[in-house]
Amino acid sequence: MTAKLYCMGESGNAYKAALTMTLAGFDWEPVFVDFFNGGARTPEFLAINPMGEVPVLVDGDQTLTQSGVIQYHAAEKTGRFQGETAADRAEVLRWILWDNHKMSSQNGPLRFMMNFLPEEKRPAEAIAWLGGRAKAAWKTLDTHLEGRDWIVGQAPTIADFACCGYLYYPEPFGFARADWPNIDRWLDGIAALPGWKHPYDMMPGHPSDRA
């Protein structure tokens, strides 16, 4: 049975899950959630995920939420992208937790405020504060990638697919690949993997909201 990923193209967190499943050869199909028109707050969706957010994966009798959980589910079921050794797997988890706490937690709200809120409602002070934190995260990642092809070990892992979640989007939120040469090279490496697609090509979204 094909698993269903409740998602939208604009969600970097959903992209982490979709990218992992696609590259791992995990059988899935997207179910569009019309987030910007309240689709994640309907009784029907809240019955699937009371947290009221995407992504959600329904795989048979399992319903999984949170991108990292879905990434681990796909990696474990396919035996791919988990890390080659026990030490690598611990390091993969460390970077996924870092991404959730320091990277995506800044990039996602920053991009949302700067692009998807009406201009008159964009909170300048919050944007400036988040922008500083996001820049610090990009610096951490760029420094770590000096002399490395991948975040952990000698091959791609779900840590890579987590940390890149918001970095392919065209909407401006302060991130410019040219400013971060190691990240730029790393993103090219991920995009060269067989099956890679841009988030807007991998998941349905709101075309009028795309830059």
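Visitor: What should the 13 residues of helix α1 span, and how far apart are its end C-alpha atoms?
Guide: Bear in mind that this is a predicted model. Helix α1 runs over residues 12-24, so at 1.5 Å a residue it should span 18 Å. That agrees with the distance between its end C-alpha atoms, which is 18 Å.

Visitor: Is α1 largely enclosed or left open by the rest of the structure?
Guide: Buried here means under 20% relative accessible area. Among the buried residues of α1 are Tyr15, Leu19, Met21 and Leu23. Eleven of the 13 residues are buried, so α1 is largely enclosed.

Visitor: Which residue just after α1 takes a positive phi?
Guide: Look at the spot where the helix has just ended. The phi there is about 75°, and the residue is Gly25.

Visitor: Which element gives the largest share of the largest nonpolar core?
Guide: That core has 58 residues, and Leu141, Ile183 and Trp186 touch the most other members. Elements giving two or more residues include β1, α4, α5 and α7. The largest share is eight residues, and it comes from α1.

Visitor: Is Met1 buried or exposed?
Guide: Met1 sits in the segment before β1. The cut-off for exposed is over 50%. Met1 has 87% relative accessibility, so it counts as exposed.

Visitor: How far apart in space are Met1 and Thr140?
Guide: In sequence, 139 residues separate Met1 and Thr140. Going C-alpha to C-alpha, the distance in space is 40 Å.

How values were computed
Residues are numbered from 1 along each chain as its sequence is written. This is a predicted model: local features need pLDDT of at least 70, side-chain atom pairs count only at pLDDT 80 or more; totals for chains, interfaces and linings use all residues. Side-chain values use heavy atoms; hydrogens and water are left out. Helices (H or I, at least four residues) and strands (E, at least two) are DSSP runs, numbered from the N terminus. The expected span of a helix is 1.5 Å times one less than its number of residues. Buried means under 20% relative accessible area, exposed over 50%, partly exposed in between (1.4 Å probe, protein chains only). A nonpolar core is a set of buried Ala, Val, Leu, Ile, Met, Phe, Trp, Tyr and Cys residues joined through side-chain atoms within 4.5 Å.
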